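This report describes one protein chain for a reader who has not seen it before.

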Amino acid sequence: MAEAESLETASEHERILREIESTDSACIGPTLRSVYDGEEHWRFMEKLEARIRNHDREIEKMCNFHFQGFVDSITELLKVRGEAQKLKIQVTDTNNKLQESGRELVTEMEELKKCRSQQRNIAATMDQLTLCLPVLEMYSKLREQLKTKRHYPALKTMEHMEHTFLPRVNPYRFCTIMVEDIPRLREEIKEVSMSDLKDFLESIRKHSDKIGETAMKQAHQQRNLDNIVSQQHKIGTGKKVKKDGVIGFEADVDNTSPMSEQDSGILDVEDEEDEEEVLSAQDLVDFSPVYRCLHIYTALGAQDTFENYYRKQRKKQARLVLQPPSNMHETLDGYRRYFNQIVGFFVVEDHILHTTQGLVNRAYIDQLWELAVSKTMSALRTHSSYCSDPNLVLDLKNLLVLFADTLQGYGFPVNQYFDMLLEIRDQYGEILLKKWSGVFRYILDLDNYSAIPVSSEEEYKRVMGQFPFHDPELENQPFPKKFPFSEFVPKVYSQIKEFIYACLKFSEDLHLSSTEVDDMIRKSTNLLLTRTLSNCLQNVIKKQHVGLTELVQIIINTTHLEQSCKFLEEFITNITNVPPETIHATKLYGTATFKDCRHAAEEEIYTKLNQKIDQFLQLADYDWMRAEHNGHASDYLVDLIAFLRSTFAVFTHLPGKVAQTACMSACKHLSTSLLQLLLDTEVKQITMGALKQFNMDIEECEHFARSGPVPGFQGDTLQLAFIDLRQNERHQQEEQCLCTVPQERTGQAEAHRYRGKTAQESNQQHVPPPLNLLQSFPPSLPPFFPVSCT
């Protein structure tokens with residue numbers, strides 16, 4: 001067993017030795033460790049020494065076998081060493097020679113090396129300069145753009161630098177400075193562009209007046225051109241507008257006409273200016289600051305900020321523009337400047353709306369327009385109410401129409417302004433009525449209230465041209481001859497036509513139909529006739545200094561004016577082209593007006609006749625105790641009858657019923673007044689002589705009545721006015737016995753009854769009864785003759 005273990009150990013040691021011989025010495029450690037881990041390592045050492053001795057013997061055998069070759073090799077090596085020494089000397093000499101000859105080359109090579117290094121540096125520098133030069137050029141361009149205030153291109157240049165060129169050359173210090181400078185330049189551009197915008201806003205605020213004036217002038221020229229084209233079209237289609245000419249007055253009335261044909265214009269554009277080419281309103285304004293600022297803020301991403309600022313500032317300017325001056329109503333220039341500024345403001349805003357995207361929008365414009373309409377209409381209502389000049393109101397209307405047409409051309413709704421013009425039309429009508437009231441008063445005050453004499457054909461035609469009057473009998477009369485009416489008839493008629501023309505002028509360009517214009521003119525003319533002219537005539541009639549002759553002439557004049565109303569109807573029809581038979585046509589009330597004035601004049605005639613009779617009766621001085629009569633009528637009564645005859649002779653041109661009513665009224669009043677004298681309570685005694693004198697006065701009155709001072713009475717109708725007087729006179733004669741009349745006589749009660757009756761008639765102003773009541777009396781009564789007392 002022990003022998004088996006020793007064999008196994010020996011074989012293991014043999015394996016380890018083979019492994020040591022064949023293994024790299026670096027990996028022998030684990031092998032040796034396995035030897036020392038065993039218990040018989042000393043045996044291994046013995047085997048190892050024995051193996052070493054074997055190898056030594058083999059080396060020795062090998063060396064002995066190759067020794068001669070080794071000696072020969074050493075010998076050869078020694079020979080080679082000598083030759084190598086010689087070669088070394090030769091190489092050293094060659095090297096020295098080479099070093100000596102290559103020293104210049106090394107110097108040149110060093111220089112070449114330096115040149116190549118410089119060349120590389122130059123190339124690198126050129127490459128970097130190639131990258132930097134565009135940056136520097138663009139920066140120089142940026143500075144030049146900023147200097148010339150080309151801010152939007154400067155922003156584009158800045159953006160190009162920042163995103164394209166600067167990233168390529170970022171390491172350099174100047175690039176860092178540029179990068180840090182760009183935000184500051186952007187802010188500077190924003191400030192400069194905002195400053196330009198502020199200057200622009202201030203400029204358009206100052207020049208809105210001129211912009212609006214130019215826009216309104218263009219609208220005026222366009223409207224004139226449209227009117228010319230329209231007129232040419234009407235002429236081409238055979239349509240013709242009829243319009244009567246207005247014939248002027250003589251020197252005394254030329255200045256009384258409130259309106260004239262020259263009052264219709266509002267823009268006094270001279271011929272030279274019409275021929276010149278007028279710049280458009282947009283051409284007067286340089287909008288580049290707005291566009292530049294918008295582009296700049298858009299490029300900077302601050303468009304909303306810019307839009308809000310612009311709209312806020314323009315709203316402030318709108319409120320300033322819409323604030324009218326306190327004295328605007330004094331002159332047309334005040335209104336014109338106000339309208340020009342408003343038009344200028346909205347022309348600018350309309351241009352901005354159509355040339356920019358988003359700066360202003362339609363909702364913003366509509367909001368400003370609603371504010372403008374509200375403010376302007378309020379201002380116009382306030383200031384136009386102060387105006388009392390019809391010419392100024394007419395010019396204001398024309399200016400307002402042009403204002404509305406101008407803005408309508410830019411797309412703004414202007415219907416409210418035309419509605420307001422209808423309000424101003426009513427005010428204009430009131431002002432016209434007030435002005436024409438003064439004109440009528442002036443004409444009536446200057447009239448001589450006598451028939452117009454003409455001594456030549458020219459004078460006759462002049463009057464006929466002023467007033468539509470046709471009388472074949474007058475035409476056939478030789479010169480000199482007289483028209484039945486006085487001067488104020490043709491003057492008043494012409495002034496009525498002037499008034500109609502004034503109303504027509506206001507209706508022009510209001511976009512009204514012919515029917516509406518006709519209705520407006522007729523209503524205004526009715527107010528002129530029924531209120532203004534009627535009041536003027538009534539005032540003249542009521543004046544104290546107007547006598548019977550003037551009243552008679554007024555009646556004649558109003559009769560002719562009443563007859564001329566149909567010609568006024570035709571005149572209105574001709575200028576409006578609306579037939580009078582149209583279902584909605586308003587009729588003129590001139591006939592009723594002149595009738596009322598004539599009736600007032602008739603009443604005044606009756607009153608003044610009675611007053612004149614009372615003045616004559618105040619001269620009556622009856623001596624009721626006289627013994628004998630004078631043998632003729634009293635002087636005062638003779639003068640009174642003469643006055644009545646001459647007065648009624650003037651009544652020949654009056655309508656028959658008027659003259660008859662006036663004559664009957666005068667006779668009734670005379671009869672009543674004489675009866676009052678007879679039945680006066682202060683008369684205590686009456687003699688037969690006094691009664692006979694009173695009887696002769698009554699006979700004078702009856703003789704006057706029988707003489708027919710006014711034609712047209714049937715039979716003794718006029719004598720019936722003195723019937724009560726005759727009955728009372730007869731009653732007095734029957735009771736008279738040339739003695740004192742006692743207070744208690746039975747006839748006193750009858751006298752008191754008559755006194756009460758006459759007093760009542762006196763209190764009623766002796767209004768004459770109508771003719772049909774007078775004709776109800778019997779056609780004839782038995783005459784009453786004075787009865788003599790025995």
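Leaving aside its neighbours within four places in sequence, which residues is Leu718 in contact with?

## Basis of the model

This is a predicted model, in which local features need pLDDT of at least 70 and side-chain atom pairs count only at pLDDT 80 or more, while totals for chains, interfaces and linings use all residues. Residues are numbered from 1 along each chain as its sequence is written, and side-chain values use heavy atoms, with hydrogens and water left out.

## Leu718 and its contacts

Apart from neighbours within four places in sequence, Leu718 is in contact with Cys663, Met664, Cys667, Ala705, Pro709 and Phe713. Contact means heavy atoms within 4.5 Å. Leu718 and Cys663 are 55 residues apart along the chain, and their C-alpha atoms are separated by 8.2 Å.

Leu718 is found in the loop between H23 and helix H24 (723-735). Helices (H or I, at least four residues) and strands (E, at least two) are DSSP runs, numbered from the N terminus. With a relative accessible area of 2%, Leu718 is buried. Buried means under 20% relative accessible area, exposed over 50%, and partly exposed in between, with a 1.4 Å probe and protein chains only.

## The chain as a whole

The chain has 26 helices and two strands. Of its 790 residues, 41% are buried. Its accessible surface comes to about 44300 Å², and 52% of this belongs to carbon and sulfur atoms; the areas come from the Shrake-Rupley method with a 1.4 Å probe, and for residues only the protein chains shown count as cover. Among contacts between residues at least 6 apart in sequence, 82% join residues at least 24 apart.

## Helix H23

Helix H23 covers residues 688-706, and its 19 residues should span 27 Å at 1.5 Å a residue; the end C-alpha atoms are 26 Å apart, which agrees. The expected span is 1.5 Å times one less than the number of residues. Because 14 of the 19 residues of H23 are buried, the helix is largely enclosed by the rest of the structure. Just after H23, Gly708 takes a positive phi of about 65°.

Asp697 is found in helix H23. Asp697 counts as buried because its relative accessibility is 0%. Not counting residues up to four places away in sequence, Asp697 touches Tyr622, Ala633, Ser634, Tyr636 and Leu637.

## Nonpolar cores

A nonpolar core is a set of buried Ala, Val, Leu, Ile, Met, Phe, Trp, Tyr and Cys residues joined through side-chain atoms within 4.5 Å. The largest has 171 residues, and those with the most contacts inside it are Phe339, Ile605, Leu609, Leu644 and Leu670. Helix H13 (residues 415-446) gives the most to this core, with 14 residues. Another core, of 19 residues, lies apart from it and includes Ala154, Leu155, Met158 and Ile296.

## Aromatic rings

Rings of Phe, Tyr and Trp (its six-membered ring) pair if their centres lie within 6.5 Å; planes under 30 degrees apart count as stacked, over 60 as edge-to-face and the rest as tilted. By this rule there are 24 aromatic pairs. Phe200 and Phe287 form a tilted pair, 5.9 Å centre to centre with 55° between the planes. Phe200 lies in helix H5 (residues 173-236) and Phe287 in the loop between helix H7 (271-275) and helix H8 (288-299), so the pair links distant parts of the chain, 87 residues apart. Both Phe200 and Phe287 are buried.
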